[in-house]
Amino acid sequence: MDVRCKQLIASALVFGCLSSAHAGQYWTSSNGLPVRDNAGNCVEQGVQANTLQPGCDAMNRVILLPDASGEVGAVVVMSEGGSKTLNTAYGAAYQGTEGQLEESAASSEEVSSRFGQLLQQQPLPAETFTLRFTSGSATELTPDSLAMIPRLSASLEERKAPEIRIVGHTDRVGSLLANDRLSKARAQTVAKVLNEKGIPMDMMEVTGRGEREPEVATSDGVDEPRNRRVEISIR
Amino acid sequence: MIKPGMMTCLLVALCAAVPVQAEQRAGTFKVVNGTVHVERAGVKEVAQIGGAVMQGDRVVTAPDSFAGITLRDNTRLTASPDSTLVIDAFSFDTTTHKGRLNASLKKGRLAVISGQLAKANPESVTYNTGTMTIGVRGTEFILEAAGE
């Protein structure tokens with residue numbers, strides 16, 4: 001093994017070095033994939049590549065990321081060559097030169113160097129406000145809920161092309177269908193209140209989730225005030 | 001001068017148009033940084049912030065341009081420069097959270113933050129890149145596509 005190869009092993013993130021690289025400008029692994037340095041850049045044959053080059057970039061790949069709270073979900077990758085489940089942060093699968101499915105972890109360094117700019121362009125997450133009614137009223141919001149309205153306006157102002165979805169929820173007293181209607185009626189009440197505060201009706205999508213999404217899980221038929229609420233989602 | 005009859009007609013047209021469009025819409029462009037085009041039914045148009053994304057749309061970003069889309073189920077899709085993204089299918093019921101999302105990255109890079117569809121019905125959400133089909137279990141990920 002020559003000195004060049006030893007340097008590649010030291011710097012390559014994932015793949016080993018091959019003494020006979022495929023035809024092309026870059027070092028490639030036995031799968032035909034580019035050898036990358038610790039910054040995620042392709043390593044050019046002969047000379048160390050400092051910038052990303054088109055030929056090196058071309059690959060079909062999926063990289064799992066942790067979400068904003070640090071939690072990691074999972075993706076199932078299916079191909080003619082089988083299927084793989086990714087469930088660890090920066091776990092990645094790619095399509096090899098023969099169409100086969102390969103697994104190979106990326107790193108947070110590669111993701112920030114290669115995709116940092118892309119991730120910064122993501123639309124703002126939806127923001128949700130939960131409003132409640134005073135006891136026994138279908139129209140009068142609690143003082144806490146009324147106090148949320150200025151925050152809601154601020155959330156609208158920081159967004160480009162904001163959309164509002166108003167979603168009513170019920171407890172589990174009554175039938176599914178009746179609760180669908182009741183939850184939508186609650187949402188409509190809130191839409192009217194917001195409209196009176198100056199938000200145009202056509203900016204708001206009004207819907208009801210009925211008893212499907214309780215804040216507190218209960219048995220059917222249980223009267224639970226915390227589940228009788230309206231959520232306003234701004235995105 | 002606008003006659004009273006005309007005014008009523010105008011209002012009716014507006015009132016009818018808004019909710020129908022809201023229902024058909026798959027999502028909305030929230031970020032258009034640079035030049036982004038949408039191809040819909042063979043017609044190519046420049047994408048604008050606030051513009052609709054519909055089922056079947058092909059979204060194409062120019063070099064040095066980014067596109068950020070929020071779908072109706074709160075899925076967020078962000079495309080890098082030189083990307084082509086197709087929304088193959090989209091439907092979403094705001095009451096049951098049932099529906100479908102199939103998207104294909106033909107070229108480029110796409111950052112995905114999945115939404116309510118993947119949470120409620122993960123089997124109804126898939127993404128394609130090359131010969132790979134990705135099923136989502138409520139999560140964030142990046143796709144890359146080499147292009148044809």
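1. Two strands are taken to pair if DSSP finds at least two bridges between them. In this predicted model, strand S2 of chain A and strand S11 (residues 132-136) of chain B run antiparallel and are joined by four bridges. One of the residues concerned is Val75(A), whose bridge partner in S11(B) is Val136(B).

2. As to extent, chain A brings 54 residues into contact with 48 residues of chain B, and the area buried between the two chains is about 4000 Å², with carbon and sulfur atoms giving 54% of that area. Of the area that chain A buries against chain B, 16% is supplied by Leu118(A), Gln121(A) and Pro123(A), which is more than any other three residues supply.

3. Turning to polar interactions, there are 29 residue pairs in polar contact across the interface of chain A and chain B, counting pairs with both residues at pLDDT 80 or more. The count of salt bridges between the chains is four; among them is the one between Arg72(B) and Glu205(A), in which the closest N and O atoms are 3.3 Å apart.

4. On the side of chain A that touches chain B, the elements giving two or more residues are strands S1 (61-65), S2 (75-79), S4 (92-95) and S8 (204-208), together with helix H3 (108-120). The largest share comes from H3(A), with six residues. Sorted by class, this side of chain A has 28 nonpolar, eleven polar and 15 charged residues.

Notes. Residues are numbered from 1 along each chain as its sequence is written. Chains are lettered from A and ligands numbered from 1 in the order in which they are written. This is a predicted model: local features need pLDDT of at least 70, side-chain atom pairs count only at pLDDT 80 or more; totals for chains, interfaces and linings use all residues. Side-chain values use heavy atoms; hydrogens and water are left out. Contact means heavy atoms within 4.5 Å. Buried area is the accessible area (1.4 Å probe) that two parts lose on being put together, summed over both. A salt bridge is a side-chain nitrogen of Lys or Arg within 4 Å of a carboxyl oxygen of Asp or Glu. A polar contact is a pair of N or O atoms within 3.5 Å; within protein, one must be able to donate a hydrogen and the other to accept it, and residues adjacent in sequence count only if both atoms are side-chain atoms. Ala, Val, Leu, Ile, Met, Phe, Trp, Tyr, Cys and Pro count as nonpolar, Asp, Glu, Lys and Arg as charged, and the others, Gly among them, as polar.
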